[in-house]
Amino acid sequence: MLSSLYRAAARIRALFASRAFDQDLSSEIESHISLRTEDHLRRGVPPEEAERLARVEFGSVSQLREAHREIRGVPFVDTLLQDLRYALRLSRQNPGFTLFAVLIIGLGIGASSTVFSIVNSLLIRPLPFRDATRLVWISNLADDGISEWNTQVDNFLDLRAKNTSFSDLTGYFGHFEPGDTKLTEGGLTHRLSGLRVSQNFFPFLAVQPLLGRNFTGEECKPNGPGAALLSYGFWRRYYASDPTIVGRQITLNDQPVTIVGVAPSSFDFGTVFAPGNHIDVFLPMPLSEETNRWGNTLSIIGRLKPGITLPRARTELKILAARMQRLHPERQTFRPVLTSLDEHVTGHVRRPVIVLAWAVAIVMLTVCANIANLQLARSLGRQKEIAVRVAIGAGRRRLIRQMLTEGMVLSLCGAVFGLLLAFLVVRLLAGLTAFKLPLLSTVRMDPACLAFSLSLALISGLLFGLAPALQISLASVHDKLKDTTRSATGTRHHLWLRNTLVVSEIVLACVLLSGAGLLIRSFINVLQLNLGFQPERAAAFHIDHNYSSLEEKTKFCDRVLERVRTLPGIRAAALTDNLPLVGDRSWDIAAKGKLYQRGHYPEGFIRLVSDGYIRAMGIPLRAGREFTPRDTSTSEPVALVNETAARTLWPGQDPIGQLVIAEGGQHPARRVVGVVADVRHRSLEQGSGCELYIPLPQRDENTPLYLVVRTALPPAALAFSIRTALRPIAPGLSTDEFRTMQQVVDAAVSPRRFIVLLLSGFSAFALVLAALGIYAVISYSINQRQIELGIRMALGATVRELQGDVLLQALKLASLGMLMGGIAAWSVSRALASLLFGVTSTDPLTFFATVLVLTSIALVAAYLPAVRISKIEPQAALRGS
Amino acid sequence: MPESKSEILQGTLDLMVLQTLEAMGPQHGYRIARRIEQISEDALQVNQGTIYLCLVRLLQKKWIKAEWGTSENNRKARFYSITNAGRKQLAAEAENWQRVSGAISRLLALSGQR
């Protein structure tokens with residue numbers, strides 16, 4: 001056993017020292033023969049005969065050498081090395097082709113690897129938590145039956161105590177917002193994004209702090225000692241990874257707080273739970289009387305007990321919730337909706353990502369078809385070389401292996417380039433924060449990704465090495481050794497194979513192009529949506545205020561507006577508690593005097609706004625008036641409603657002057673003074689629902705404040721002057737809290753933009769490949785038909801006629817491809833339906849545009865080589881030179 | 001004369017080389033070939049080059065080892081010697097050979113009786 005192991009090892013070693021072994025053998029043979037010769041001489045053989053005899057007795061040296069090589073090495077690898085050397089020599093001879101092929105393959109493999117890394121992160125790899133498959137997202141179905149709410153603290157506590165399906169539940173404060181936490185240090189103020197979590201949040205997800213510890217029970221009590229856990233990113237960015245940070249006192253929201261720990265780098269809350277956002281500090285969320293009064297605030301995650309299925313947990317929670325509702329009618333409604341956490345995080349991007357995966361597969365197929373086509377063209381030029389090799393004894397299998405090796409060399413070189421590309425793109429992707437895609441920051445090139453790229457390279461190398469290899473089996477040596485250039489029409493089946501490849505390229509391009517077309521049209525439709533407000537030339541600032549009473553807050557707001565409105569270039573300025581597409585909250589609303597069943601109140605999205613807000617946002621006022629400085633805490637309570645609310649609350653009546661109840665029965669009803677247009681505030685694709693605007697001075701509530709300005713100049717130009725103007729009254733206004741409304745809209749369309757960008761890139765690439773394919777085939781067929789064309793020219797055909805002929809040939813290929821591609825695209829476009837907006841999956845305009853683009857590309861690709869026909873000299877062509 | 005020479009059985013050559021090295025100590029390729037020729041009294045046909053194929057195989061299995069030295073006519077030559085593993089192998093092979101050849105002789109004797 002041991003000896004065969006030794007032998008295998010020795011064989012492999014021999015591969016690398018072949019030359020040394022050969023030399024050793026040679027010197028052994030030499031001394032053997034000289035010794036033998038001497039022996040013969042000693043026995044009286046004549047000198048001229050002695051050496052000859054010795055050599056005869058020894059046998060064939062070259063045969064021995066071959067046999068020796070075979071025994072000591074690994075014959076398969078030996079030939080492989082030979083093939084490799086040959087392939088490399090060949091690629092050096094034709095650097096243009098090699099470079100081009102490697103580039104195309106590299107782009108294909110780069111794109112595939114990138115998409116695979118996305119698929120891997122978003123769909124394949126489990127979420128970065130322990131036993132992530134058992135985690136369940138528990139939300140609260142809103143009154144409208146569609147949207148989801150958070151859950152009230154008491155409901156959470158009850159649920160946690162009484163359920164039997166979950167080993168534990170945890171929660172975090174769901175209404176966090178970027179910049180909602182204030183850090184004061186050395187007289188400077190920084191806006192941080194803070195997240196309040198229940199005490200068991202980190203242990204629940206099995207997240208071990210990198211430094212320090214988790215929150216203690218004491219810290220999670222109301223008015224307990226202030227504690228904060230830093231996120232890894234914030235710790236690194238702001239505290240330069242200071243290892244002694246734990247225990248430091250800082251001032252958060254004007255309260256002394258101790259830093260108790262740092263979260264590990266593997267825990268990125270934003271990328272999982274709030275794509276596009278990042279969290280800087282984690283704070284304890286007391287589950288108390290006080291937080292219970294805040295209403296539906298908790299986002300809940302549960303961990304299923306082993307053996308408990310999701311449907312069973314669903315049933316149990318439904319029963320529990322109904323019982324809780326009966327026992328505690330004073331609480332907010334709770335209708336639990338359970339989804340696996342996985343589904344909650346990535347469910348909505350699953351479809352787009354799958355579409356991307358298919359698209360990139362199509363691109364890769366096109367790449368293979370293209371390279372196969374080029375290889376075929378090249379093998380044609382090599383027919384004689386191949387025939388010679390067959391004639392001097394190369395077996396067919398050996399030649400096919402040679403071709404495959406050449407394909408592999410190309411594809412592996414391409415893979416190296418592609419992987420470099422993918423590494424760069426993936427790094428870029430993971431750093432993109434503008435895209436609101438979950439888990440984007442976890443996208444990376446991992447071993448699985450490398451393995452995928454490598455197998456892709458091998459398979460594709462096999463595919464396009466196979467095409468010319470098949471050609472060899474078809475070729476007969478004899479014909480090839482004779483001169484073939486005199487045949488007038490060229491090899492039939494050869495052309496057939498190449499045409500098939502080109503047609504399939506067009507089919508694939510057609511599918512991609514129409515899919516991309518549909519998505520681009522949807523994207524344009526989304527961009528052209530009437531948002532209900534005008535994002536152009538508008539910007540928003542998050543503003544700090546020390547709120548102690550409504551009166552003081554109102555005074556502060558007035559001073560802010562007063563200062564900003566007098567700045568040059570400001571057309572309008574106003575304050576609001578929430579920006580569209582950024583934050584939301586909804587209450588039950590009711591028309592006064594109407595009876596509603598419990599749980600069937602219309603849901604109204606509430607905004608507290610200052611006077612001038614409607615104008616500053618550019619929301620059309622449909623009827624009545626907007627808020628004025630005269631709407632104060634002492635004047636009559638008023639409200640603005642949007643058109644949907646007007647229709648819902650007072651169908652067929654004039655809403656102006658009606659009374660609306662929004663803040664529960666104990667508050668006075670508000671008089672509707674105006675109707676404004678619907679604003680798409682939840683997402684671009686979603687309608688707005690009922691909206692209700694309340695004057696800021698008329699509601700005593702501590703809310704965030706955003707300053708909205710409409711400017712004559714690009715808003716960025718005014719950021720500085722606004723900050724300067726506000727410094728005396730709001731010193732904490734920091735730069736990063738400025739964003740244009742266009743940025744807000746862009747962030748909202750970013751997932752759509754992401755897929756449209758990638759898909760357009762892919763289809764452009766496929767289109768270029770298809771064009772190249774057509775170009776190559778036409779140009780080849782013109783070369784082949786030189787004689788035929790020459791004869792026809794001699795017989796009086798004009799260049800134009802002949803060119804028309806060639807173009808027609810291209811058009812035939814293109815139409816066949818488009819016909820098949822159209823059918824294919826039509827049948828797969830239904831899979832896109834859920835991603836489309838404002839177009840049907842069989843949108844005729846898109847299909848028409850696809851056909852138009854492909855036809856013109858095909859004609860251009862065919863016309864370029866067709867120009868050469870005019871250069872054909874009939875005389876020369878007929879001579880066959 | 002050629003008819004009286006026998007083709008060498010595969011694997012037999014290994015045994016012969018090992019035995020030669022065991023009996024005579026370190027030898028270079030030509031001496032080994034010569035020795036086998038002499039012992040077998042030219043009854044076995046050994047294409048002299050073949051010995052080197054056998055030697056490389058045995059080397060790879062670490063049954064013999066090789067050192068460069070100088071031959072009696074002052075030429076560079078490789079001297080092969082048997083290793084401990086080779087001795088073990090030789091003992092096993094020899095025993096096996098005895099058994100097989102004994103069995104075959106008995107079998108041949110049996111058919112002679114009929």
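A residue is buried if 20 or more other C-beta atoms lie within 10 Å of its own, exposed if 12 or fewer, and partly exposed in between, with C-beta atoms placed from the backbone. The model is predicted, and local features need pLDDT of at least 70, side-chain atom pairs count only at pLDDT 80 or more, while totals for chains, interfaces and linings use all residues. Residues are numbered from 1 along each chain as its sequence is written, and chains are lettered from A and ligands numbered from 1 in the order in which they are written.

**Exercise 1.** Find where A:Ala240 sits and decide whether A:Ala240 is buried or exposed.

*Solution.* Start with the backbone: A:Ala240 is not a glycine, yet has a positive phi of about 50 degrees. Finally, A:Ala240 counts as exposed because it has 8 C-beta neighbours inside 10 Å.

**Exercise 2.** Now do the exercise for A:Asn253.

*Solution.* A:Asn253, not a glycine either, has a positive phi of about 50 degrees. A:Asn253 lies in the loop between strand 10 and strand 11 (255–262) of chain A. Its 15 C-beta neighbours inside 10 Å are why A:Asn253 counts as partly exposed.

**Exercise 3.** Describe how helix 2 and helix 3 of chain A are arranged.

*Solution.* First take the axes (lines fitted to C-alpha atoms, for helices over the stretch in contact, with angles from 0 to 180 degrees between N-to-C directions). The axes of helix 2 and helix 3 of chain A come within 8 Å and cross at roughly 130 degrees. Then classify: under 35 degrees is roughly parallel, over 145 roughly antiparallel, 65 to 115 roughly perpendicular and the rest oblique. Helix 2 and helix 3 of chain A are therefore oblique to each other.

**Exercise 4.** Work out which element of chain A gives the most to the side that touches chain B.

*Solution.* Begin with the contact (C-beta atoms, placed from the backbone, within 7 Å), which takes 22 residues from chain A and 20 residues from chain B. On the side of chain A, the elements giving two or more residues are helix 1 (2–16), helix 2 (18–42), helix 3 (47–58) and helix 4 (61–72). Helix 2 of chain A gives the most, with nine residues.

Conventions. Helices (H or I, at least four residues) and strands (E, at least two) are DSSP runs, numbered from the N terminus. Two residues are in contact if their C-beta atoms, placed from the backbone, lie within 7 Å.
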